[in-house]
Amino acid sequence: MFDPMSELTGPPTGDPLAPTGSFGGSRPHSSRPPRSGGGDAQYGQELHSITVRARQRTFYIDLKESGNGKFFKVSEKSRGGKKSTIVFDVEDLAPIIAALQEMQGKI
């Protein structure tokens, strides 16, 4: 299994939760191109980033790549400033999307 912590090379450079795009309605939109090098030293090189602004929270969805392969990093910051992050392999995206679609059907 992918371990993003295996490539720690020092403290992060900058705020990994800094806004990277914008969100309007139900379609995320990235307003900035992916970085061409380096990226966040803690989690690998950033390939694409989307910011989703929801009621009292902001979600940051990043596609990244490290020596171990591509992965997603999803971070959440509440209005109160609490931050949390999950990381999963690109291979796990389809079952996660299927689970979210199932949940959407239950609303």
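## Reading a predicted model against its definitions

In this predicted model, among contacts (heavy atoms within 4.5 Å) between residues at least 6 apart in sequence, 33% join residues at least 24 apart. Local features need pLDDT of at least 70, and side-chain atom pairs count only at pLDDT 80 or more, while totals for chains, interfaces and linings use all residues. Residues are numbered from 1 along each chain as its sequence is written, and side-chain values use heavy atoms, with hydrogens and water left out.

Q: Why is the meeting of R57 and E76 called a salt bridge?
A: The term requires a side-chain nitrogen of Lys or Arg within 4 Å of a carboxyl oxygen of Asp or Glu; the N to O distance between the side chains of R57 and E76 is 2.6 Å, so the pair qualifies. R57 lies in strand β4 (residues 57–66) and E76 in strand β5 (residues 69–78), 19 residues apart, where strands are DSSP runs of E with at least two residues, numbered from the N terminus.

Q: What makes E76 count as buried?
A: Buried means under 20% relative accessible area, exposed over 50%, and partly exposed in between, with a 1.4 Å probe and protein chains only. E76 has 11% relative accessibility and is therefore buried, whereas R57, at 42%, is partly exposed.

Q: How do you know that strand β3 and β4 pair?
A: Two strands pair if DSSP finds at least two bridges between them, and strand β3 (residues 45–54) and β4 have 9 bridges in the antiparallel sense, so they pair. The bridge partner of Q45 in β4 is E65, and a hairpin joins β3 to β4 through 2 residues.

Technical notes: Helices (H or I, at least four residues) and strands (E, at least two) are DSSP runs, numbered from the N terminus.
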